Amino acid sequence: MSNDDMEEKLLGKGFTPKDIAHMKKIISRDVKKDDTEETLLSLVHTLKNRFYNLFSIVLLIIAVFILNIYFKYPISTPSFISNFIVTLFGLFCTSHIGALPLSYKSYRYCKKNK
């Protein structure tokens, strides 16, 4: 399957043109030393695997937030606010660096097309 066919298929499955452009940018940036070329299909599978890792990190961040609140004696407003801000910052960084929405779309695409 060529990249153009795959691009049309992805556009029909919930990916936006902006997502496709970002994926093409990733492919052109990751030029491998050997002769194998990464395609949109192989990138979709890579992003699907990345989704599992990102989801685990998000769960870990939320669990740390909940455990921190649960075991804080006494709960004070400044400590809750600071924990909440740190949690939001961690979730933002995870989402931004890991391309969480694109990874989720790839996971959903692979799940439907098993």
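## Basis

The model is predicted: local features need pLDDT of at least 70, side-chain atom pairs count only at pLDDT 80 or more, and totals for chains, interfaces and linings use all residues. Residues are numbered from 1 along each chain as its sequence is written, and side-chain values use heavy atoms, with hydrogens and water left out.

## Salt bridges

The structure holds 2 salt bridges. The criterion is a side-chain nitrogen of Lys or Arg within 4 Å of a carboxyl oxygen of Asp or Glu. Side chains of opposite charge can pair when their charged atoms come close.

Helices here are DSSP runs (H or I, at least four residues), as are strands (E, at least two), numbered from the N terminus. Lysine 24 is partly exposed at 40% relative accessibility. Glutamate 7 is buried at 18%. The classes are buried (under 20% relative accessible area), exposed (over 50%) and partly exposed (in between), using a 1.4 Å probe and protein chains only.

Aspartate 19 pairs with lysine 105, the closest N and O atoms being 2.6 Å apart. Aspartate 19 lies in helix H2 and lysine 105 in helix H5, so this bridge ties together parts that are 86 residues apart in sequence. Aspartate 19 is buried, at 14% relative accessibility.

## Largest pocket

The largest pocket has a volume of about 250 Å³. A pocket is an open set of points on a 1 Å grid over the protein atoms alone, where a 1.4 Å probe fits, with protein on both sides within 12 Å along at least five of seven lines; lining residues have an atom within 4 Å of a point. Grid points are joined across faces, edges and corners, and the volume is the space filled by probe spheres set on the points.

The lining consists of Lys18, Asp19, His22, Ser95, His96, Ile97, Ala99, Leu100, Pro101 and Leu102. Alanine 99 lies in the loop between H4 and H5. Alanine 99 has a positive phi of about 50 degrees, although it is not a glycine. Most residues other than glycine have a negative phi. Alanine 99 is also buried, at 15% relative accessibility.

## Nonpolar patch

Ile75, Phe80, Ile81, Phe84, Ile85 and Leu88 make a nonpolar surface patch of about 560 Å². Patch residues have over 30% relative accessible area and no salt bridge; nonpolar side chains (Val, Leu, Ile, Met, Phe, Trp, Tyr) are joined within 5 Å, like charges within 9 Å. Accessible areas come from the Shrake-Rupley method with a 1.4 Å probe; for residues, only the protein chains shown count as cover. Leucine 88 belongs to helix H4 (residues 77–98). Leucine 88 is partly exposed, at 43% relative accessible area.

## Cysteines and helix H2

The disulfide count is 0, with a disulfide taken as a pair of cysteine sulfur atoms within 2.5 Å. Cysteine 93 is partly exposed at 24%, while cysteine 110 is buried at 8%.

Helix H2 (residues 17–29) includes alanine 21, which is partly exposed at 46%. Proline 17 also lies in H2. Proline 17 is exposed, with a relative accessible area of 61%.
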